[in-house]
Amino acid sequence: MVLAQLGGSISRAIQQMSNATIIDEKVLNECLNEITRALLQSDVQFKLVRDMQTNIKKIVNLDDLAAGHNKRKIIQQAIFNELCKMLDPGKPSFTPKKGKTSVVMFVGLQGSGKTTTCTKYAYYHQKKGWKPALVCADTFRAGAFDQLKQNATKAKIPFYGSYMESDPVKIAEEGVERFKKENCDLIIVDTSGRHKQEAALFEEMRQVSEATKPDLVIFVMDSSIGQAAFDQAQAFKQSVAVGAVIVTKMDGHAKGGGALSAVAATKSPVIFIGTGEHMDEFEVFDVKPFVSRLLGMGDWSGFMDKIHEVVPMDQQPELLQKLSEGNFTLRIMYEQFQNILKMGPIGQVFSMLPGFSSELMPKGREKESQAKIKRYMTMMDSMTNEELDSSNPKLINESRMMRIARGSGRHIREVMEMMEEYKRLAKIWSKMKGLKIPKKGEMSALSRNMNA
Ligand code: GDP
């Protein structure tokens, strides 16, 4: 995933700086230059990057940092704050309320992913107990209704549209009326797109908006446009009352960072990002957890949400218990590998953790990653119960490694590599020691504590 590459470059730069014995101006500059390069490659506007660099240098006055202070932590925090500032439009969007009818209208250019995103948005809310419905008011693109119908049927979401009617305003009005009567609490209206911004598109949007009186207008844009997102978002905002933005295709384009920061500069809140073609490749966009994840600090609130969302209720206590103990044994690693290979729910949960996703299973290299995981599992099959249940990596000394290598037909070097991976994952896991099982509504407090 391209964003993971940006995150990887930034966290590597911080890591390299941490490895230096003394952090002086030269080391700090090298780190900042590395981060600058990564952000520019993501098409983030030069001025934003330069300001960020200047601000960090202002905050981190190396001479003032007393010897006892943890310079790395202070610098990391400054980078974190600056990236948050860059991506935070400082304005929350309207949030629909469950049980109370809201109309949400989607606008955007053709091909931006608007229709796909409508269904993702509906599906996301349906999983959280909403009663969504989809209205296809896109009469411009042939096949738009079929596409929406197909997606909606797959997700078992009611839909409305017409093959005969060519007036989008009429369809939108009828659809919204009908679903209001059916007590749907989230009525989503998909409108037409065009290849480029033009008067006809904006006029049609205005008419549909007048007829349906949406509580929220969401502008969908493709991340591949990078910095140009600024102009596009501005143009749409000036024509309709855009209340929120969803940036799509964050999985495939190197310009994602640029698009996100450009949207933030228009003071429009990004509420979700699309990270793939599938229905559930859709993530809530919340600046702080997003940047935490980018910096490899882990997205704890997303992680906990995911546990509640995808792990069956009866398995949650056991998993949370293991997490709270913080002891990561090789057996737990084995079980998690099994889950990842099955791509079962827990596999999805662990993909939220920095170490489990970007490095162990980089997107686009799934085959290699799977082969690696299988290799590790074969080696673990040659371990004794004592070895699997210990959380002390020192137990597995050289002679044990040799035995494991022989037993599994692998080279000792590979066993050593697996043990390194184990230590790395154990470190991430240990951060969750003392985890309190949160009740509803306590997620954000927990994420604050864990990011501190
Ligand atoms: P519309 O013309 O704006 O309604 O766009 P569509 O919803 O038809 O999407 C255009 C193409 O983009 C389709 O092939 C989608 O599968 C694809 N797409 C949409 N969102 C994403 C995303 O987040 N990631 C990726 N990789 N593809 C996406």
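Which residues does Ile188 touch, not counting residues up to four places away in sequence?

Modeller: Quick caveat before the details: this is a predicted model, where local features need pLDDT of at least 70, side-chain atom pairs count only at pLDDT 80 or more, and totals for chains, interfaces and linings use all residues. Residues are numbered from 1 along each chain as its sequence is written.

Now to your residue. Leaving out anything up to four places away in sequence, Ile188 touches Val104, Phe106, Cys118, Tyr121, Ala122, Pro132, Ala133, Leu134 and Val135; being in contact takes C-beta atoms, placed from the backbone, within 7 Å. Ile188 belongs to the largest nonpolar core, which has 81 residues, and together with Leu134, Val135 and Val189 it touches the most other members. Such a core is a set of buried Ala, Val, Leu, Ile, Met, Phe, Trp, Tyr and Cys residues joined through C-beta atoms within 7 Å, with buried meaning 20 or more other C-beta atoms within 10 Å of a residue's own, exposed 12 or fewer, and partly exposed in between. Domain 1 (2–87) and domain 2 (102–294) both contribute residues, so this core lies between them; those bounds come from an automatic or database domain assignment. There's also a second, separate core of 17 residues, with Phe337, Ile340, Met380 and Tyr422 among them.

Lys423 counts as exposed because it has 11 C-beta neighbours inside 10 Å.

Conventions. Two residues are in contact if their C-beta atoms, placed from the backbone, lie within 7 Å.
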